[in-house]
Amino acid sequence: DFSSQNFNVHAIDGQDFANFLQSAQIALGQRVLVIVADAHKYFLSENTVSSGEFVNFIESHRSRQSVVIFLSRQNFSRFNIDDHISSRLRSGFGAQISDPDPAELGKILELMARQRGLALTERKIKYLVQRLGRDIGSVESYLDRIIELSRIEGRPIKFSLLSEGLSVVPA
């Protein structure tokens with residue numbers, strides 16, 4: 001929990017990161033956690049700030065023992081960025097999060113359902129594991145869809161609703 005460690009937390013979308021870099025007023029000595037979601041929107045944008053501003057930002061936070069996290073569905077090696085920026089990205093840690101192993105999907109589905117207040121039986125979980133996509137985004141979309149169907153139609157979450165949720169194409 002970064003807030004209990006006296007970090008000031010900033011969650012920013014990639015398309016807004018250039019503005020954040022130019023306007024960030026962070027007190028001297030303050031530790032921050034900056035999470036840039038969809039970072040590829042920043043690195044692929046024509047609004048990308050100069051490498052000097054980016055490097056200064058990263059180096060100032062490195063010296064404060066702050067944390068800067070860039071999240072992206074795209075590999076950073078594909079970005080057309082200069083050596084100053086790429087050297088800062090390479091010096092960090094990179095990890096690729098793959099789709100869950102099919103053997104783990106049931107447990108993940110159960111946990112994600114529980115986070116949303118759903119208690120799915122083992123039989124329902126097996127039914128869904130055989131029919132859902134293997135990526136986390138598909139599972140999230142599906143769970144949100146059946147919760148919404150249940151709420152709108154006032155129906156309990158039974159097999160008929162689970163099946164109907166599989167056939168509904170999200171907008």
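**Note on helix packing and aromatic pairs**

1. H5 passes H6 in a right-handed crossing (the near helix is turned clockwise from the far one by less than a right angle). The model is predicted, with local features needing pLDDT of at least 70 and side-chain atom pairs counting only at pLDDT 80 or more, while totals for chains, interfaces and linings use all residues. Residues are numbered from 1 along each chain as its sequence is written, and side-chain values use heavy atoms, without hydrogens and water.

2. Helix H5 (residues 102-115) packs against helix H6 (residues 122-129) at about 120°, the axes being 9 Å apart. Leu105, Gly106, Leu109 and Glu110 of H5 meet Ile125, Leu128 and Val129 of H6, contact being heavy atoms within 4.5 Å.

3. Phenylalanine 17 and phenylalanine 20 are stacked (planes under 30 degrees apart), because their centres are 6.3 Å apart and their planes at 20°. Both phenylalanine 17 and phenylalanine 20 are buried.

4. Tyrosine 42 and phenylalanine 54 also form a stacked pair, at 6.3 Å centre to centre and 20° between the planes. Tyrosine 42 is in helix H2 (residues 40-43) and phenylalanine 54 in helix H3 (residues 51-63), so the pair ties together parts twelve residues apart in sequence.

5. A cluster linked by ring pairs holds Phe17, Phe20, Tyr42, Phe43, Phe54, Phe57, Phe70 and Phe79.

Conventions: Axes fitted to C-alpha atoms, helices over the stretch in contact; angles between N-to-C directions. Helix = DSSP H or I, 4+ residues; strand = E, 2+ residues; numbered from the N terminus. Phe/Tyr/Trp six-rings, centres within 6.5 Å; stacked < 30°, edge-to-face > 60°. Buried < 20%, exposed > 50% of the residue type's maximum accessible area, 1.4 Å probe, protein only.
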